[in-house]
Every structure is written in C-alpha cells, then in structure tokens.
Amino acid sequence: MSLQILDTCVNCDVCEPVCPNKAISLGEEYYVIDPALCTECVGHFDDPQCVEVCPVECIIVDTAHPESPDDLRLKYGRLMAAKS
Ligand code: SF4
Ligand code: SF4
C-alpha cells in the first residue's frame with residue numbers, strides 16, 4: 001500500500017527530502033504522496049522514512065491503493081529500472 005498524508009499536515013517540509021522515490025510533493029493545500037511512486041520505502045529502508053520524520057503523525061496507509069509486500073518489491077524494481 002502506498003501511504004497518504006492527512007489534512008492535519010502542517011506543511012513543515014521535512015518529509016519531502018527524505019523520500020527515496022521522490023513521491024512527496026506540495027499539493028494545493030498540503031503535502032501529498034503520489035501512490036504510483038510510494039513503495040512504503042520497500043527496497044530502500046526498513047521503515048517508511050516520511051513517517052519517521054513527521055512531527056504530527058499525519059501519514060497513514062492509503063487503503064485505496066492496496067499492495068502486498070511482493071507488489072511493493074515489484075514496484076521498487078520497476079521504478080529503479082525506469083531510472084536507469
Ligand atoms: Fe516516500 Fe517512503 Fe514515504 Fe512512500 S513511505 S512516501 S516511498 S518516504
Ligand atoms: Fe506534513 Fe508531516 Fe510532511 Fe511535515 S512531515 S510536511 S507535517 S506530512
């Protein structure tokens with residue numbers, strides 16, 4: 001599953017630079033996560049880096065985009081292949 005940012009985001013900017021997939025950007029009112037790019041940090045880190053740094057705990061799993069651990073590993077592989 002990708003993660004999503006709730007509207008309790010305070011636009012502190014600390015999550016955007018820690019995302020290894022560049023999945024986080026400033027949306028119209030607060031930061032957003034592109035579900036096509038978020039792998040829950042699978043392939044890069046053991047834990048979601050954005051969740052680790054968010055001071056207001058407003059990043060949760062996005063149940064609208066269900067993905068298994070295998071799906072996330074495949075997605076990571078596709079993203080890496082697209083980079084090269
Ligand atoms: Fe980026 Fe990882 Fe957060 Fe997904 S979980 S948005 S890949 S930092
Ligand atoms: Fe919003 Fe949390 Fe990211 Fe800060 S770290 S911009 S509060 S989602």
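Let's start with ligand 1, which sits among Leu3, Cys19, Pro20, Asn21, Ile24, Ile33, Cys38, Thr39, Glu40, Cys41, Pro48 and Cys50; a residue makes this list if one of its heavy atoms lies within 4 Å of the ligand. By class, that shell has nine nonpolar, two polar and one charged residues. Here Ala, Val, Leu, Ile, Met, Phe, Trp, Tyr, Cys and Pro count as nonpolar, Asp, Glu, Lys and Arg as charged, and the others, Gly among them, as polar.

A quick word on the ground rules. This is a predicted model, where local features need pLDDT of at least 70 and side-chain atom pairs count only at pLDDT 80 or more, while totals for chains, interfaces and linings use all residues. Residues are numbered from 1 along each chain as its sequence is written, chains are lettered from A and ligands numbered from 1 in the order in which they are written, and side-chain values use heavy atoms, with hydrogens and water left out.

Ligand 2 has 14 residues around it, and the closest are Cys9, Val10, Cys12, Cys15 and Cys54. Its shell holds twelve nonpolar, one polar and one charged residues.

Back to Asn21 from the ligand 1 shell. Asparagine 21 is found in the loop between β1 (3–5) and β2 (24–26); strands are DSSP runs of E, at least two residues long, and helices are runs of H or I, at least four, numbered from the N terminus. With 10% relative accessibility, asparagine 21 is buried (buried means under 20% relative accessible area, exposed over 50%, partly exposed in between, using a 1.4 Å probe and protein chains only). Its side chain reaches the backbone oxygen of leucine 37 at 3.2 Å.

Now for the salt bridges: the whole structure has two. The term means a side-chain nitrogen of Lys or Arg within 4 Å of a carboxyl oxygen of Asp or Glu.

| Salt bridge | Closest N and O atoms |
|---|---|
| Glutamate 67 – lysine 75 | 3.0 Å |
| Aspartate 70 – arginine 73 | 2.8 Å |

Lysine 75 is buried, at 5% relative accessibility, while arginine 73 is partly exposed at 48%. Aspartate 70 and arginine 73 both belong to helix α2 (residues 69–83), three residues apart, or about one turn of the helix.

What about α2 itself? Leu72, Lys75 and Leu79 are buried there. Seen down the axis of α2, the buried residues fall within an arc of 60 degrees, so they line one face of the helix; the arc is that of the directions from the helix axis to the C-beta atoms. On the other side of α2, Leu74 and Arg78 are exposed.

Definitions and conventions
A polar contact is a pair of N or O atoms within 3.5 Å; within protein, one must be able to donate a hydrogen and the other to accept it, and residues adjacent in sequence count only if both atoms are side-chain atoms.
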